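Subject: Structure handover

Hello,

I am passing a structure on to you, with the sequence alongside. Please open it before reading the notes below.

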Amino acid sequence: TAVKIGKLTLDVAAGRFQTGPEEPRFKSRRFFAMFEFTDELRLRAGRFMPNYGVNIAEHIAVTRRGLDFDQGKEYKALEFSRIGETWNFYLTLVKGPVETPEALQESGVTSQLSYNFLDTHKVGVNGWSGSTNTTCRRLAGVFANLGFSERFHVLSEADWRWTTVKASDSNQTGFFNYNRASYELVR
């Protein structure tokens, strides 16, 4: 449900979730309030998934699940955005994921810059820097959303992750890649 009152938008997604053997309970994983200062400048606060990568609904894809952007991993967040015709920019302060114990929640900042061109193409870069009581995590990525025709479309994302365990100073690195090309045969 979403309600827009002038420049203010209130958005809530809620329902019954099965959390285990006990009865399903009513819960909201995503909710936010967003204020539009102008047609391009916005401030959003609440509980949601920050903008990072192609933001596809397929949460089990390697770039979503492997980077901890899976379903149920929403963050408490405060986001500033500038959304224009050609350039988009997001800067988000995050704490979460909310469903994890407080001691394991990550505090950090993420940003995304993207460029739209030829009416059907979008390319961008992402950055993430966060830490918990025990780890530091850094992410960097690039993505593309390319519509070559009305029927042919390509999505691509490549991300690098660096994680440091504070107590041992041990490092772990990873590379995550997602590519999808689709052609619509019948409309």
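What follows is a summary of what was found, going from the whole chain down to single residues.

Please keep in mind that this is a predicted model.

The chain as a whole

The chain holds 1 helix and 11 strands. Read from the N terminus, the elements come in the order β-β-β-β-α-β-β-β-β-β-β-β. For the 187 residues of the chain, the globule rule gives a radius of gyration of 16 Å; the value found is 18 Å, which is close to it, so the chain is as compact as a globular protein of that length. Along the principal axes, the C-alpha atoms fill a box of roughly 50 × 45 × 35 Å.

Of the 187 residues, 38% count as buried. Among contacts with a separation of 6 or more, 43% are made by residues 24 or more positions apart.

The sheet

As background, the strands of a sheet pair through backbone hydrogen bonds, and the pairing can be parallel or antiparallel. Here, 11 strands form an open sheet with antiparallel pairing, in the order S1-S2-S3-S4-S5-S6-S7-S8-S9-S10-S11. The edges are taken by strand S1 (2-5) and strand S11 (170-183); each has a single partner strand, so one side of each has no neighbour in the sheet. On average, neighbouring strands of this sheet are turned by 10 degrees against each other, with direction ignored.

Strand S11 is joined to strand S10 (residues 152-165) by 14 bridges, and the two run antiparallel.

Asparagine 126

Is asparagine 126, a polar-contact partner of glutamine 112, buried or exposed? Its relative accessible area is 8%, and buried means under 20%, so asparagine 126 is buried. This residue lies in strand S8. The side chains of asparagine 126 and glutamine 112 are joined by a polar contact of 2.9 Å. Leaving aside residues up to four places away in sequence, asparagine 126 touches Tyr52, Gly53, Ser111, Gln112, Leu139, Ala140, Gly141 and Phe143.

Backbone points in the loops

Which residues does a cis peptide bond join? They are glycine 96 and proline 97, and omega is about 0 degrees. Proline 97 sits in the loop that runs between strand S6 (87-96) and strand S7 (106-117).

Two residues with positive phi are also worth looking up. Leucine 118 is not a glycine, yet its phi is positive, at about 55 degrees. Leucine 118 belongs to the loop between S7 and strand S8 (121-131). With a relative accessibility of 65%, and exposed meaning over 50%, leucine 118 counts as exposed.

Aspartate 119 is placed in the loop between S7 and S8. The phi of aspartate 119 is near 65 degrees, a positive value in a residue other than glycine. The relative accessibility of aspartate 119 is 83%, so this residue counts as exposed.

Regards

Conventions. Residues are numbered from 1 along each chain as its sequence is written. This is a predicted model: local features need pLDDT of at least 70, side-chain atom pairs count only at pLDDT 80 or more; totals for chains, interfaces and linings use all residues. Side-chain values use heavy atoms; hydrogens and water are left out. Helices (H or I, at least four residues) and strands (E, at least two) are DSSP runs, numbered from the N terminus. Buried means under 20% relative accessible area, exposed over 50%, partly exposed in between (1.4 Å probe, protein chains only). Two strands pair if DSSP finds at least two bridges between them. Axes are lines fitted to C-alpha atoms, for helices over the stretch in contact, and angles run from 0 to 180 degrees between N-to-C directions. The radius of gyration is taken over C-alpha atoms; the globule rule is 2.2 Å times the number of residues to the power 0.38. Contact means heavy atoms within 4.5 Å. A polar contact is a pair of N or O atoms within 3.5 Å; within protein, one must be able to donate a hydrogen and the other to accept it, and residues adjacent in sequence count only if both atoms are side-chain atoms.
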